[in-house]
Amino acid sequence: MALLVGIVCSGAAAAQEVWVITESGQPMQGTHKPARVIELDAPQRIEAELTTGLPGDPQKAAPIVRQRLKDGGASLQQRMQTAYQGVTDAWSMGITTIPAVVVDQRYVLYGETNIDRALARIAQHRKERP
């Protein structure tokens with residue numbers, strides 16, 4: 001069962017910035033396209049890409065990782081930044097369970113895998129408690 005939690009934060013009542021916080025193995029459904037999808041396991045997936053097939057000897061592994069980082073260039077750096085920033089943002093909002101749908105960084109609905117249903121529940125909550 002989904003749980004709705006209000007997070008104390010200022011924001012306009014009409015704003016609708018929607019974030020989805022989940023993991024890669026828990027895809028969300030629905031027609032609404034969130035402004036942001038945070039996959040909490042993204043940093044681990046990137047790390048796995050960089051370390052796959054490395055030799056056990058750290059002295060031999062280090063230059064391979066450096067080369068992979070270099071080959072990844074700005075695109076890899078952006079992916080890493082986005083992944084870690086997402087984890088930081090989820091943590092700073094106090095997200096405790098996934099999936100979570102966050103509206104305006106103020107309202108959170110936990111446990112609902114359908115974004116449209118989550119938004120409807122949040123809208124109902126906002127209507128009842130403006």
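Buried means under 20% relative accessible area, exposed over 50%, and partly exposed in between (1.4 Å probe, protein chains only). This is a predicted model, so local features need pLDDT of at least 70 and side-chain atom pairs count only at pLDDT 80 or more, while totals for chains, interfaces and linings use all residues. Residues are numbered from 1 along each chain as its sequence is written, and side-chain values use heavy atoms, leaving out hydrogens and water.

**Exercise 1.** Work out which way the residues of β2 point, and whether they are buried or exposed.

*Solution.* First, sort by side: Val18, Val20 and Thr22 point one way, Trp19 and Ile21 the other. Next, check burial: all of them are buried. With five of five residues buried, β2 (residues 18–22) is largely enclosed by the rest of the structure. For context, buried residues make up 31% of the protein's 130 residues.

**Exercise 2.** Find the strands that β2 is joined to by bridges.

*Solution.* Two strands pair if DSSP finds at least two bridges between them. Take β4 (residues 100–103): four bridges join it to β2, running antiparallel, and Trp19 has Val102 as its bridge partner there. Now β3 (residues 36–39): four bridges again, but parallel, with Ile38 as the partner of Ile21.

Methods. Helices (H or I, at least four residues) and strands (E, at least two) are DSSP runs, numbered from the N terminus.
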